[in-house]
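Here is a short briefing on one protein model. Keep the sequence and the structure open as you read.

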Amino acid sequence: MLLQLHVKNLALIREAEIDFSEGLNILTGETGAGKSLLLGGMSMALGGKVSKEMLRDGADYALAELVFSSDRPELLKKLEELDIPAEDGQIILSRRLSGNRSVCRLNGETVSASVLREVSSLLIDIHGQHEHQSLLNKKKHLEILDLYAGERLAPFLKSLKESWESCRALEKSLGETGLGETERLREQSLLEYEIREIEEAQLTDGEDEALEQTYRRMVNSRRILEALGTVRQLCEEDEGSASELTGRACREMNAALQYDEELSPLAEQLGEIDALLADFGRELTQYMEAMEFSEQDFHDTEERLNLINHLKAKYGRTVGDILASVKEKQERLDFLQNMEQRRSALEEEHARAKKKLAADCEAAHGIRVQAAQELSERMLEELRELNFLDVRFEIAIRETGEPSAAGWDDVEFLISTNPGEPLLPLARIASGGELSRVMLAIKTVLADQDAIDTVIFDEIDAGISGRTAQKVSEKLAAIGRSRQVICITHLAQLAAMADSHYLIEKSAEGSGTATHIRLLTGDEVTEELARILGGAEITGAVRDNAREMKALADQFKGKTFQ
């Protein structure tokens with residue numbers, strides 16, 4: 001369950017912290033007090049989309065943090081896969097927004113927003129203000145049915161996706177074999193020419209770099225030889241050269257060594273210098289002799305380099321790239337030369353893949369039909385408890401015969417809310433308030449299915465009032481017996497059912513405005529219910545009504561859940 005929400009520098013909220021409890025947690029407040037900001041803070045910490053406008057004016061950063069407690073095996077396994085410890089089943093999700101940067105953490109470890117979303121999907125389910133409108137889209141109906149079918153359907157959906165992708169890949173390959181004879185021969189001829197051109201060059205990997213170095217040396221040979229000639233004169237040819245001076249120094253050192261053996265290390269060092277100079281002179285001479293080349297050598301090097309550069313311009317940046325392109329071209333040429341045989345083999349493989357795809361679609365359809373019957377019965381029970389007195393509800397499944405990655409089923413929710421009325425698509429007859437209740441029924445059934453510990457409803461009461469509002473409040477209270485429910489509402493009937501009631505209020509602070517959240521106790525609860533019930537002035541009669549409403553709610557919970 002969700003233990004705590006902590007937000008800082010989030011729009012109107014300077015800093016707020018809420019400790020949530022088990023059961024039904026209700027949040028109320030005046031319009032514009034900041035209720036949506038709290039949900040935005042939760043969404044931010046759960047890895048949802050967030051904009052820099054969420055940052056409080058004048059603040060350097062915004063922070064949202066959620067603390068959960070859970071021992072669900074799937075969650076603990078996921079954390080273990082991520083190598084993130086979870087001591088005593090505590091999970092802390094946090095996100096810090098600073099300018100255009102966002103830093104996400106899970107139990108103190110830096111993670112991506114996608115990891116936060118993946119982990120949070122095992123912890124909490126949020127129903128936003130307008131989510132019930134998604135029921136107007138039939139694609140949502142298929143998604144809900146598949147969620148209900150759960151593990152029964154999952155292996156078939158996986159196989160179905162693989163079969164679909166296999167068919168698509170084979171269709172693409174078949175498309176490539178659809179060249180006309182003239183076009184095929186033209187491409188084949190071009191490939192043969194290109195392969196021959198590259199192979200006749202007899203390239204070796206790295207040859208271009210060695211040739212460029214040799215060519216550069218040849219082009220600059222005169223300057224190089226002039227410089228090296230000067231070096232040789234200074235080192236060994238001219239009178240007073242380094243070699244002559246070092247030799248004379250060695251002779252003088254050896255003469256001094258006769259009188260003092262402690263000069264031996266110095267004499268050895270000087271001898272090494274003399275030997276190095278001699279070795280240097282021999283290697284310098286060898287290099288200068290190797291620099292001699294004929295005009296033909298220069299021409300051949302230049303021609304070879306021009307050929308390689310020409311091939312580079314056509315086939316790749318390096319000789320390695322050119323050689324790799326030969327392999328690709330040869331594979332394509334083999335494909336074209338054997339295209340008819342290849343097409344025949346692909347057609348057979350595609351036929352088998354289509355047959356398997358159809359079998360997977362049929363298997364998924366069978367499971368969906370069974371799940372649809374179960375879900376329809378569960379939905380009827382929930383809808384009747386939500387003041388749909390003469391309701392009928394069915395899930396229609398039609399096989400389109402046109403497979404996709406999700407199968408070939410077209411799923412649509414059908415409903416009749418009045419006696420004698422035919423079953424019609426949900427989108428054609430349901431009002432906003434009815435859609436809210438249908439979504440609440442769906443959330444109730446799916447919550448039982450996946451055992452999510454925490455469910456959040458943001459203004460699930462949209463478009464309802466009176467007896468219907470009372471039924472919705474009783475349903476939320478019932479859900480709160482088996483899991484934690486957090487509900488943002490404007491209805492007194494829902495607020496009266498709270499196990500914990502929080503007030504969100506806005507007040508002026510200095511030259512600005514700030515939002516605060518606090519847990520209500522005792523008469524504060526009655527006063528807030530009276531505010532929701534009352535108009536411009538809260539009279540004694542309104543307060544009496546609020547006290548009676550709270551007493552009746554407590555009585556209902558006591559009798560129903562004892």
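A residue is called buried under 20% relative accessible area, exposed over 50% and partly exposed in between, using a 1.4 Å probe and protein chains only. D88 is exposed, with a relative accessible area of 81%. This is a predicted model: local features need pLDDT of at least 70, side-chain atom pairs count only at pLDDT 80 or more, and totals for chains, interfaces and linings use all residues. Residues are numbered from 1 along each chain as its sequence is written, and side-chain values use heavy atoms, without hydrogens and water.

**Loop residues with positive phi**

- D88 is not a glycine, yet its phi is positive, about 55°.
- D88 sits in the loop between helix 2 (73-81) and strand 5 (90-98). Helices (H or I, at least four residues) and strands (E, at least two) are DSSP runs, numbered from the N terminus.
- N387 also is not a glycine and has a positive phi, about 75°.
- N387 lies in the loop between helix 13 and strand 9 (392-404).

**Helix 4 against helix 13**

- Helix 4 (residues 138-149) packs on helix 13 (residues 339-385) at about 95°, with the axes 9 Å apart. That makes helix 4 roughly perpendicular to helix 13.
- Roughly perpendicular covers 65 to 115 degrees; under 35 is roughly parallel, over 145 roughly antiparallel, and the rest oblique.
- Axes are lines fitted to C-alpha atoms, for helices over the stretch in contact, and angles run from 0 to 180 degrees between N-to-C directions.
- From helix 4, L142, I144, L145, D146, Y148 and A149 meet I367, R368, A371, A372, E374, L375 and R378 of helix 13. Contact means heavy atoms within 4.5 Å.
- The residues of this contact divide into 9 nonpolar, no polar and 4 charged. Nonpolar means Ala, Val, Leu, Ile, Met, Phe, Trp, Tyr, Cys and Pro; charged means Asp, Glu, Lys and Arg; the others, Gly among them, are polar.

**A buried threonine**

- T246 is in helix 9 (residues 242-257).
- T246 is buried, at 10% relative accessible area.
- Leaving out residues up to four places away in sequence, T246 touches L270, I273, D274 and L277.

**Lining residues of the largest cavity**

- L5, F20, L27, L38, L39, M42, I456, I486 and I488 line the largest cavity. Lining residues have an atom within 4 Å of a point of the cavity, a set of points on a 1 Å grid over the protein atoms alone where a 1.4 Å probe fits but cannot get out.
- Helix 1 gives the largest share of this lining, 3 residues.
- The lining divides into 9 nonpolar, no polar and no charged residues.

Technical notes. On a 1 Å grid over the protein atoms alone, a cavity is a set of points where a 1.4 Å probe fits but cannot get out, and a pocket is an open set with protein on both sides within 12 Å along at least five of seven lines; lining residues have an atom within 4 Å of a point.
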